[in-house]
Amino acid sequence: MPSYRDLLRHSGLDAIDARALLCHALGVDHAWLIAHGLDSVPAGQLACFDSLAERRRQGEPVAYIVGEREFYSRPFHVTPEVLIPRPETEHLVELALARLPLDRAASVLDLGTGSGIIAITIALERPRASVLAVDASPTALAVAADNARRLGASMETRLGNWYSTIEPVRRFELIVSNPPYIVSDDPHLREGDLRFEPVSALTDHADGLSCIRQIVAGAVRHLAPGGWLMFEHGYDQGAASRALLTAQGFAGVRTECDLAGIERVTLGCLESRPPL
């Protein structure tokens, strides 16, 4: 039988992927693998790892195989019904937290919550905030609710398409979203991990801006005066996103870049609301 170290070296997988799958198969952490690297792998464990490794060789994302992905240093349960959390979205969370003081209550709306990574992280980092997470997919919303329960986050979940189930009089100090923004004919939808992720959470089946238009237009009615709207978007959608916010009367409109220097999040403040 090969050792654990040999199994990792000759798996034919990326080293990080192989280690994650082996840890999952064994129910151990990386430190255990280091300490037992020269031990022989029992036949049962070898068969389990080989099965998981073959799924990865066929392209299935590691996050779906192991059912988990870390976000903001917390483990989130993920299924093929929700997007896989990505590091770039942490920048959106950081921008949101910067506008939510620890010592003040605030009302937050997360549109298209998916696995709940944004809403749950805000709820845990700002316990005084009242957070509502909305998604049009009942299966995605169930994943978000389960993550909130497991991580101890207090938040409300609601099934609905953007603002469709939000009471007309309800106002928020902050609205955040990571909506579908990939253009319908983008070839990346047929490559890599994206092939396995829910297509309705990736693309609007149009020009990539139709969901953002709805979010911006609805925010005018659901933001409290002085409230902020911020959303993630594609690398080439910063200018269009700023134009949408400016046209709706938002102030302080700007686009923030991610760690790779790519325009990733556009935000603006609604200093006053139009009359109903």
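Helices H10 and H11 pack with their axes 10 Å apart and at an angle of about 25°. Because angles under 35 degrees count as roughly parallel, H10 and H11 are therefore described as roughly parallel to each other. The crossing in which H10 passes H11 is right-handed. On the side of H10 the contact is made by Ile212, Arg213 and Val216, and on the side of H11 by Ser241, Leu244 and Leu245. Sorted by class, the residues of this contact of H10 with H11 are 4 nonpolar, 1 polar and 1 charged. The model described here is a predicted one.

Helix H10 itself covers residues 210-222, and its 13 residues should span 18 Å at 1.5 Å a residue, which agrees with the 19 Å that separates its end C-alpha atoms. Its buried residues are Cys211, Ile212, Ile215, Val216, Gly218, Ala219, Val220 and His222. Among the elements that cover these buried residues of H10 are strand S3 (106-111), the strands S6, S7 and S9, and helix H11 (238-247).

A second pair of helices is formed by H6 and H7, which pack at an angle of about 40°, again with a stated distance of 10 Å between their axes. H6 and H7 are therefore oblique to each other, and H6 passes H7 in a right-handed crossing. From H6, the residues Thr89, Leu92, Val93, Ala96 and Leu97 make the contact, and from H7 they meet Ile117, Ile118, Thr121, Ile122 and Glu125. This contact of H6 with H7 divides into 7 nonpolar, 2 polar and 1 charged residues.

The two packed pairs are set out below.

| Helix pair | Angle | Distance between axes |
|---|---|---|
| H10 and H11 | about 25° | 10 Å |
| H6 and H7 | about 40° | 10 Å |

Helix H6 (residues 89-97) is mostly covered, since 7 of its 9 residues are buried. These buried residues are Thr89, His91, Leu92, Val93, Leu95, Ala96 and Leu97. Their cover includes helix H7 (117-125) together with strands S1 (68-71), S6 (172-177), S7 (223-232), S8 (251-257) and S9 (263-270).

Which residues surround Thr121, once its neighbours within four places in sequence are left aside? Thr121 is then in contact with Phe71, Tyr72, Arg74, Phe76, Val93 and Gly116. Thr121 is found in helix H7, and at 0% relative accessibility it counts as buried, because the cut-off for a buried residue is under 20%. Between Thr121 and Asn161 there are 40 residues of separation in sequence, and the distance in space, from C-alpha to C-alpha, is 22 Å.

Two further residues stand out for their backbone angles. Most residues other than glycine have a negative phi. Trp162, although it is not a glycine, has a positive phi of about 55°. Trp162 lies in the loop between strand S5 (156-159) and S6, and it is buried, with a relative accessible area of 10%. His205 is likewise not a glycine and has a positive phi, in this case of about 60°. The place of His205 is in the loop between helix H9 (199-202) and H10. Is His205 buried or exposed? At 54% relative accessibility, His205 counts as exposed.

Methods. Residues are numbered from 1 along each chain as its sequence is written. This is a predicted model: local features need pLDDT of at least 70, side-chain atom pairs count only at pLDDT 80 or more; totals for chains, interfaces and linings use all residues. Side-chain values use heavy atoms; hydrogens and water are left out. Buried means under 20% relative accessible area, exposed over 50%, partly exposed in between (1.4 Å probe, protein chains only). Helices (H or I, at least four residues) and strands (E, at least two) are DSSP runs, numbered from the N terminus. Contact means heavy atoms within 4.5 Å. The expected span of a helix is 1.5 Å times one less than its number of residues. Axes are lines fitted to C-alpha atoms, for helices over the stretch in contact, and angles run from 0 to 180 degrees between N-to-C directions. Angles under 35 degrees count as roughly parallel, over 145 as roughly antiparallel, 65 to 115 as roughly perpendicular and the rest as oblique. A crossing is left-handed if the near helix is turned anticlockwise from the far one by less than a right angle, and right-handed if clockwise. Ala, Val, Leu, Ile, Met, Phe, Trp, Tyr, Cys and Pro count as nonpolar, Asp, Glu, Lys and Arg as charged, and the others, Gly among them, as polar.
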